[in-house]
Amino acid sequence: PDASEWPGPCNQGKINVSIARASILKEMGVDMKLAQANHKGEPAMSAALKEALHKKTPHDQKIVVIKVGTSSLLRKGYLHLSLLGQLAETCADLHRAGCKVIVVTSGAVGAGCQVLNNVDKPTDLAGKQAMAAIGMVRLMRMYDDFFTSVSQPIAQVLVSLDNLMDRTQYLNAQRTFQALLARDVIPIVNENDTIAVQDLKFGDNDTLSAHIASLCDADYLFLLTDVDGLYTGNPNSDPDARLIPLVESIDDLDVDVSGGAGSAFGTGGMATKVNAARLATAAGCHTVVMNSNQLHTLPDIVVDGASNGTLFLAVPRPLVGRKRWILLQKPSKGYLLVNSRAEQALNNDKSLHGTHLVSVVGDFDAAEAVALMVRDSDTGDEREFGRAIVNYGADDCRKLVGKAGEDFYDIVGFGGAESVAHKNNICLWIPEGEEARLMDHPEINMETHPSVNNLEDLAEFMSDKPSRTPSPSPFNL
């Protein structure tokens with residue numbers, strides 16, 4: 001549309017950020033490219049449109065993703081029926097409070113073993129897939145019974161990693177979730193284990209839930225487990241381990257997450273929950289790791305800003321659109337180690353060039369998603385700060401280390417891009433280097449946390465945080 005036809009705030013050259021979220025602009029018929037093209041001389045206008053991509057209006061219905069782990073769903077080898085009932089009631093309470101809810105469920109393999117008279121969990125892929133196929137029928141029957149008792153319709157959604165790695169399938173899945181939520185239906189999501197192959201599996205439902213939270217632009221992701229949250233150490237073996245009530249930056253964590261899955265039938269653990277929180281917070285979704293016996297507090301957390309478990313704050317400027325999709329790609333078996341100048345340049349929306357490269361590790365092909373690593377100047381440790389879809393394979397990238405773009409043709413022997421990765425194909429865990437801060441979220445009341453007596457206690461805890469430690473290996477994400 002012509003600019004003169006835009007609604008009042010747009011026609012005045014100003015956009016009220018509270019009503020300028022991208023989805024609303026689309027409903028208003030505003031072409032984002034046209035808006036920026038028609039106002040090249042007005043940087044404030046473009047900045048307001050960009051800001052709109054990161055803002056939700058106060059009238060938006062909050063989207064909540066609840067992931068229930070195997071250790072919570074199964075008790076002594078049998079389905080935990082009282083928890084399923086409480087889950088149904090909690091979801092109904094959230095729905096009555098005006099929220100949209102998605103449930104990511106584990107437990108299919110365990111339920112399958114239960115159906116076959118509690119046989120041992122198979123160790124081979126085909127055996128696990130068979131148990132998942134058997135158990136998913138029992139699990140969904142239970143979900144349907146409990147949710148029907150609270151008059152809440154549900155739908156079964158099975159996804160696999162290759163569905164979300166393909167951009168077309170990703171967008172189609174996004175539209176399906178939007179259609180279900182618009183009809184007040186709660187999707188019950190699980191990985192399509194029966195057809196997934198080892199190299200194209202999420203591996204655990206913590207990671208799956210983070211992908212779903214990002215796909216659906218969720219406000220909260222709850223990772224329910226059998227412990228109270230993230231501790232400084234393993235509470236089962238370390239008597240000095242303390243519960244961490246708040247995480248503003250995952251890179252600042254110095255915790256022991258070496259413990260494995262929480263049950264014999266599970267695949268996750270605390271390390272997978274930290275990795276899932278990294279994915280979800282980069283997409284603008286607050287993530288809470290908490291005990292499933294506190295399930296009834298979810299409406300208080302979402303609606304009233306109460307606190308429980310461990311809260312990972314979402315970044316203030318989350319990725320949107322295609323860049324968010326890139327961040328969720330499974331990284332290749334290799335990564336690029338870059339210099340500190342590269343991290344600064346990429347935070348300023350620049351492309352990655354050969355002069356930014358320090359070394360190339362592992363193997364990957366052109367057009368693959370590759371982890372970007374930088375070496376900490378204080379500790380010497382490497383940490384991942386983003387991902388990029390590269391223009392060159394690993395062998396060519398090694399030839400380009402320290403080289404300028406104009407020399408690429410002579411080096412690789414063909415006319416390719418002058419950058420190792422274009423800025424449109426680069427996404428960072430902390431976009432623009434702006435970390436999350438509790439002070440930017442007045443709606444969150446940390447004083448309601450069971451382990452926090454007052455904000456002075458929380459401030460003291462935060463001030464005791466150790467120096468930045470390495471990020472999880474990109475090969476484990």
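Five strands form an open sheet in the order S12-S11-S13-S14-S15, with mixed pairing. Strand S12 (357-362) and strand S15 (426-428) stand at its edges. Each has a single partner strand, so one side of each lacks a neighbour in the sheet. On average, neighbouring strands here are turned by 30° against each other, direction ignored. The model that shows this is a predicted one.

Look next inside that sheet. Strand S11 (residues 334-338) and strand S13 (residues 369-375) run parallel. They are joined by 4 bridges. Tyrosine 335 has its bridge partner in S13, and that partner is alanine 371. Strands of a sheet pair through backbone hydrogen bonds, and the pairing can be parallel or antiparallel.

Now turn to another sheet. This one is also open and has 8 strands, in the order S5-S6-S4-S1-S7-S9-S10-S8. Its pairing is mixed. The edges belong to strand S5 (154-159) and strand S8 (246-247). Each of these pairs with a single strand, so one side of each is left without a neighbour in the sheet. Strand S1 (residues 63-68) and strand S4 (residues 100-105) run parallel, and 6 bridges join them. Valine 64 stands opposite valine 101 in S4.

Helices pack on these strands. H12 packs on the sheet and touches S1, strand S7 (220-225), strand S9 (286-291) and strand S10 (310-312). The direction of H12 makes about 155° with that of S9. H10 lies across S1, S4, S5 and strand S6 (186-191). H10 runs at about 125° to S4.

The helices also meet one another. Take helix H10 (residues 167-182) and helix H11 (residues 205-215): their axes come within 10 Å and cross at roughly 75°. That angle makes H10 roughly perpendicular to H11. On the H10 side, the contact is made by Tyr170, Ala173, Gln174 and Phe177. H11 contributes Ile212, Ser214 and Leu215. By class, the residues of this contact divide into 5 nonpolar, 2 polar and no charged.

H11 has a further contact, with helix H12 (residues 270-282). Here the axes come within 8 Å and cross at roughly 10°. H11 and H12 are therefore roughly parallel to each other. From H11, the contact uses Asp206, Thr207, Ala210 and His211. From H12 come Thr272, Lys273, Ala276, Leu279 and Ala280. This contact has 4 nonpolar, 3 polar and 2 charged residues.

Last come the empty spaces. Rolling a probe the size of a water molecule over the atoms shows where empty space is left. A search of the whole structure finds 3 cavities of 30 Å³ or more. The largest cavity holds about 60 Å³ of space. Its lining is Tyr220, Val288, Ile301, Gly305, Ala306, Ser307, Asn308, Leu311 and Ile444. These lining residues divide into 6 nonpolar, 3 polar and no charged.

The second largest cavity holds about 40 Å³. His95, Cys99, Lys100, Val101, Leu181, Asp184, Val185 and Ile186 line this second space. Its lining divides into 5 nonpolar, 1 polar and 2 charged residues. Val101 is one of the residues in this lining, and valine 101 is also the residue of S4 that valine 64 stands opposite.

Terms used. Residues are numbered from 1 along each chain as its sequence is written. This is a predicted model: local features need pLDDT of at least 70, side-chain atom pairs count only at pLDDT 80 or more; totals for chains, interfaces and linings use all residues. Side-chain values use heavy atoms; hydrogens and water are left out. Axes are lines fitted to C-alpha atoms, for helices over the stretch in contact, and angles run from 0 to 180 degrees between N-to-C directions. Helices (H or I, at least four residues) and strands (E, at least two) are DSSP runs, numbered from the N terminus. Angles under 35 degrees count as roughly parallel, over 145 as roughly antiparallel, 65 to 115 as roughly perpendicular and the rest as oblique. Contact means heavy atoms within 4.5 Å. Ala, Val, Leu, Ile, Met, Phe, Trp, Tyr, Cys and Pro count as nonpolar, Asp, Glu, Lys and Arg as charged, and the others, Gly among them, as polar. On a 1 Å grid over the protein atoms alone, a cavity is a set of points where a 1.4 Å probe fits but cannot get out, and a pocket is an open set with protein on both sides within 12 Å along at least five of seven lines; lining residues have an atom within 4 Å of a point. Grid points are joined across faces, edges and corners, and a volume is the space filled by probe spheres set on the points. Two strands pair if DSSP finds at least two bridges between them.
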